[in-house]
Amino acid sequence: MRAVVFEKFQTFPSLTEVERPVPGPGEVLLKVAGSGACHSDVAIYKDFAEGAPGAIAPGFTLGHEVSGWIEETGPGVHGFTKGEAFLAYGPIGCGHCKSCSRGQDTYCENVASMPYLGIGLGRDGGMAEYVLVPARNLVPLGDADPVDAAPLSDAGLTPYHAIKNALPNLAGGGRFALVIGLGGLGQVAVQILTALTGATVIATDMKDDAMRRAEANGALTVPGGPDQVAAIRELTGGRGVDAAFDFVGATPTIKTAQASMAQGGRLTVVGIANGVTEWSFFATPYESTISNTYWGTIADLHEVVAMYRKGQIRPEVERYAMDDALEAYRKLESGQLSGRAVVVPHA
């Protein structure tokens with residue numbers, strides 16, 4: 001079968017022939033419906049060098065946003081029917097620590113001894129015709145479109161988990177939420193905030209078309225620039241926002257979010273641009289917090305799928321045939337994508 005393989009650090013991946021995998025105990029073979037191309041993939045093969053903190057050693061098939069149909073089940077796996085559609089929960093922990101027992105594989109207590117972080121993260125992923133997935137990592141899609149659903153396993157799950165953690169800050173009338181960075185995750189975040197809260201959603205980006213799409217989903221928008229923070233504060237009556245979500249994570253965006261906070265507010269840095277920030281007692285709103293987050297739980301993903309099936313969230317998807325998978329990554333690198341690139345191997 002064909003697969004997009006990460007073969008060497010700081011080297012563009014290859015579209016190559018690999019053996020079709022065979023499911024082992026507790027595993028299911030999915031016929032891939034769709035696989036999303038994520039900026040994290042680009043970081044894996046382009047940004048990290050061997051031995052650097054966070055680097056994942058090659059080689060393996062990319063793709064951690066995966067949906068597909070049951071093709072074959074391994075020994076000990078029951079209750080699945082060939083052809084049923086599922087979304088794959090990407091993180092894979094040890095399965096027996098306290099965090100994994102809660103379905104929180106992202107924070108596995110034994111991660112240092114694990115051979116991989118998850119599907120497409122050290123273990124062969126879904127940027128291929130078929131992929132192996134642990135049966136416990138499957139979330140049913142029912143009759144929902146599995147191709148458009150594929151990005152939800154990261155681009156839906158990650159903002160959902162961050163927003164869910166911040167819901168106490170957004171409970172009540174007159175609350176404000178700020179979304180910085182309106183790429184794939186940021187656009188879904190606007191939709192989730194609109195569906196789950198009564199907060200006024202303020203969104204900001206450097207791209208006009210991204211802000212227009214956020215407006216279509218109910219957000220007020222503020223362009224980047226020297227007056228950005230003042231404009232955000234003006235929309236809140238000068239008080240600041242109760243919850244901010246930075247989907248870039250660069251030093252300037254973190255500072256923008258901090259400067260926009262209300263007392264008691266919560267800033268969640270979701271983007272992994274490795275920005276840094278400063279804290280000082282008198283320059284920080286009282287009892288405000290700064291947090292980060294990484295994906296979410298499998299229970300969260302079930303809730304994300306429920307929102308998708310109800311039409312509350314709609315990922316913006318550009319579909320690519322397997323022949324064009326590398327072109328999808330080239331466009332992702334160069335910033336030419338307006339939505340999430342999803343490779344459809346069996347189109």
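Author: A disulfide is a pair of cysteine sulfur atoms within 2.5 Å, and this predicted model holds zero of them.

Reader: How do you know that Cys-94 is in no disulfide?

Author: The nearest cysteine sulfur, which belongs to Cys-108, is 3.7 Å away from that of Cys-94, whereas a disulfide needs the two sulfur atoms to be within 2.5 Å, so Cys-94 is in no disulfide.

Reader: Why is Cys-38 called buried?

Author: Its relative accessibility is 5%, and the word buried is used for values under 20%, so Cys-38 counts as buried.

Reader: Which residues of helix H8 are buried?

Author: In helix H8, which runs over residues 251–259, the buried residues are Thr-253, Ile-254, Thr-256, Ala-257 and Gln-258.

Reader: What covers the buried residues of H8?

Author: The cover includes helix H7 (228–235) together with several strands, among them E11 (176–180), E14 (241–246), E15 (261–269) and E16 (289–292).

Reader: How many cavities of 30 Å³ or more does the structure hold?

Author: The structure holds one such cavity, and about 90 Å³ of space lies in the largest cavity.

Reader: What makes up the lining of the largest cavity?

Author: It is lined by 15 residues, and those nearest its centre are Gly-184, Val-188, Pro-315, Glu-316 and Arg-340. Helix H5, residues 184–196, gives the most to this lining, with four residues, and by class the lining has five nonpolar, seven polar and three charged residues.

Technical notes:
Residues are numbered from 1 along each chain as its sequence is written. This is a predicted model: local features need pLDDT of at least 70, side-chain atom pairs count only at pLDDT 80 or more; totals for chains, interfaces and linings use all residues. Side-chain values use heavy atoms; hydrogens and water are left out. Buried means under 20% relative accessible area, exposed over 50%, partly exposed in between (1.4 Å probe, protein chains only). On a 1 Å grid over the protein atoms alone, a cavity is a set of points where a 1.4 Å probe fits but cannot get out, and a pocket is an open set with protein on both sides within 12 Å along at least five of seven lines; lining residues have an atom within 4 Å of a point. Grid points are joined across faces, edges and corners, and a volume is the space filled by probe spheres set on the points. Helices (H or I, at least four residues) and strands (E, at least two) are DSSP runs, numbered from the N terminus. Ala, Val, Leu, Ile, Met, Phe, Trp, Tyr, Cys and Pro count as nonpolar, Asp, Glu, Lys and Arg as charged, and the others, Gly among them, as polar. Contact means heavy atoms within 4.5 Å.
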